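Here are my notes on the model you sent.

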Amino acid sequence: MRAAPTILHLDMDAFFAAAEQASKPSLRGKPVVVGGLGPRGVVATASYEARRFGVHSAMPMAQARRLAPNAAYLVPRFAFYRAISGQVMELLGRLSPLVEPLSLDEAFVDLEAGGLADDSASARATGERLRRDILGTTGLTGSVGLAGSKMLAKIASEEAKPDGLMLIEPGTERELLGPRSVRIIPGVGPATGEHLRRAGITTVAEVVEAGEDELVRLLGRAHGGSLYLMALGHDDRPVVAERDAKSVSVEDTFDVDLHDRLRIRLEVERLAERCVARLRGSGHSGRTIVLKVRRYDFSTLTRSETLRGPTDDPVVVREAAARLLDLVDTTGGVRLLGVGVSGLADYTQEDLFAQAEAEARAEAVAEAEAGPEPAEPAPPGAGAAESAERHWAPGRDVRHAEYGAGWVQGSGVGRVTVRFEEPGAVVPGRVRTFSVDDPELEPSDPLPLVPGGVTGAAA
């Protein structure tokens, strides 16, 4: 533990949704949900207005639509988010050589290593300056936590949300943590939290009161020992520059063993969707799909499949996970399931185009199944590339020869509705509807959120 709060944690506020609201004036102050819009899609990010209805990240999109039927539902523009993230990470790099990115919108910074802070006053001044620089550079807000350890800095940034700064003075850790839920401690997920609850431990203070020996008995030496130290506020993990994630995974432990094969398959598909949401959130794609199954007798099996190239396509990951499940005997019951992706690579344009085409094909099939009569056959020479090009997903950037820049509000039955507005506009733009094959309407790159800012490639 440091004697001064010189570890900074930055977390951009509802990053994907905030970027959409900043670029689309008509959505400011309104509920916005970003994610996969298909029948098996999941929420990547929800704006604070949408969170009031109970919508949150990794939630099935169908459930989100039931909770917030009047929200704006948009497909993600990952190239755009990555471009903004690059600006933010560049600002962090000016503070210190030790910057540890956790995802596109989150990072730790060691201010002491950068020589910018050695006490509370200088740390606070640096954090406030960073927040101003981020707003001026990107037009978006971020929340900052400052403390003597990574765990406490992250807790502080959560407390500061949205658009705030919180500094935890060294020496006040026990007082701050004591009444909080044990889930606030890193590594305490739903399963561990429930295990502790059954033992009568629900707060951090009760973790300390239970003592290290009891925690080791309940959770094992490694987990129990580290939990006890963190409950005391002790966390000596260093900020590691340019930490490369080796894999992304999610898993669930079930209160009652699953026996029904169909239920197990549905859970695997749901985990695959959540895994892809986390994969995309970290700005990666991956080649190897991993399935983890812990059976009724606590034996754990893992199966993996390596693809020809990296992917972040939820359909590809879901189908691979389903194939792996076919290789596992679940007779007797399953208590834990997990899906992961390893062999990570950064996003490439090829990944994004493949993703867009896959989404276009899936939604085109859904529209054809739900629509009235099939459209007339395309004229000779119209190929798959042209068909994908004329697909208009909600939230995509477009430009019209007469009306200028805008974004797709929705499409169907051969029509596409576009709102024409730009990020700096004070009032919402006008709405126009066109034929989906209008030659004057074309896909476009995003507009910068602030003058002279980055745009990112069309996503």
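1. Two strands count as paired if DSSP finds at least two bridges between them. Please also keep in mind that this is a predicted model.

2. The sheet. Five strands form an open sheet in the order E16-E15-E14-E13-E17, and the pairing is antiparallel. Which strands stand at the edges? They are strand E16 (430-435) and strand E17 (441-443). Each has a single partner strand, so one side of each is left without a neighbour in the sheet. From one strand to the next, the twist averages 40°.

3. Strand E13 (residues 397-400) and strand E14 (residues 404-412) run antiparallel and are joined by four bridges. Here His400 faces Gly404 of E14, the two standing opposite each other. E14 also pairs with strand E15 (residues 415-420), in the antiparallel sense, over five bridges. In that pair, Gly412 stands opposite Arg415 of E15. E15 and E16 are antiparallel too, with six bridges between them. Val416 is set opposite Phe434 of E16.

4. The E14-E15 turn. The hairpin of E14 and E15 has two residues between the strands. Within this hairpin, Val413 takes a positive phi near 50°. Please look at this residue together with those in point 8.

5. The annotated site. UniProt, in an unreviewed entry, places the feature "binding site" at Asp11 and Asp105. Why can these positions be treated as one spot? They span 95 residues in sequence, yet no two of their C-alpha atoms are more than 5.9 Å apart, so they gather at one spot.

6. The two aspartates in turn. Asp11 sits in strand E1 (residues 7-12). Its relative accessibility is 8%, and the cut-off for buried is under 20%, so Asp11 counts as buried. Leaving aside neighbours within four places in sequence, Asp11 is in contact with Asp105, Glu106, Gly142, Ser143, Ser157, Glu158 and Lys161. Asp105 lies in the loop between strand E5 (99-103) and strand E6 (106-110). With a relative accessible area of 19%, Asp105 is also under the 20% cut-off and therefore buried. Not counting residues up to four places away in sequence, Asp105 touches Leu10, Asp11, Met12 and Phe15.

7. A helix pair. Two packed helices are described by the angle between their axes and the distance between the axes. The axes of helix H1 (residues 15-23) and helix H4 (residues 78-93) come within 11 Å and cross at roughly 95°. That angle falls in the range of 65 to 115 degrees, so H1 and H4 are roughly perpendicular to each other. On the H1 side, the contact is made by Phe15, Phe16, Ala19, Glu20 and Ser23. On the H4 side, Phe78, Phe80, Tyr81, Ile84 and Ser85 take part.

8. Backbone points to check by eye. Most residues other than glycine have a negative phi, and most peptide bonds are trans. The peptide bond from Lys161 to Pro162 is cis, with omega near -10°. Pro162 is found in the loop between helix H6 (150-160) and strand E8 (165-167). Lys161 is one of the residues in contact with Asp11. Ala58 has a positive phi, near 75°. Ala58 is in the loop between helix H2 (48-51) and helix H3 (61-67), and its relative accessibility of 32% makes it partly exposed. Phe298 also has a positive phi, near 70°. Phe298 belongs to the loop between strand E10 (284-295) and strand E11 (300-311). Is Phe298 buried or exposed? At 54% relative accessibility, Phe298 counts as exposed.

9. Whole-chain figures. The protein chain has 15 helices and 17 strands. Of its 459 residues, 49% count as buried. Among contacts between residues at least 6 apart in sequence, 63% join residues at least 24 apart. The accessible surface comes to about 21600 Å², and 52% of that belongs to carbon and sulfur atoms.

Notes
Residues are numbered from 1 along each chain as its sequence is written. This is a predicted model: local features need pLDDT of at least 70, side-chain atom pairs count only at pLDDT 80 or more; totals for chains, interfaces and linings use all residues. Side-chain values use heavy atoms; hydrogens and water are left out. Buried means under 20% relative accessible area, exposed over 50%, partly exposed in between (1.4 Å probe, protein chains only). Contact means heavy atoms within 4.5 Å. Accessible areas come from the Shrake-Rupley method with a 1.4 Å probe; for residues, only the protein chains shown count as cover. UniProt positions are given in the numbering used here, feature names are shortened, and annotations may be inferred rather than shown by experiment. Axes are lines fitted to C-alpha atoms, for helices over the stretch in contact, and angles run from 0 to 180 degrees between N-to-C directions. Angles under 35 degrees count as roughly parallel, over 145 as roughly antiparallel, 65 to 115 as roughly perpendicular and the rest as oblique.
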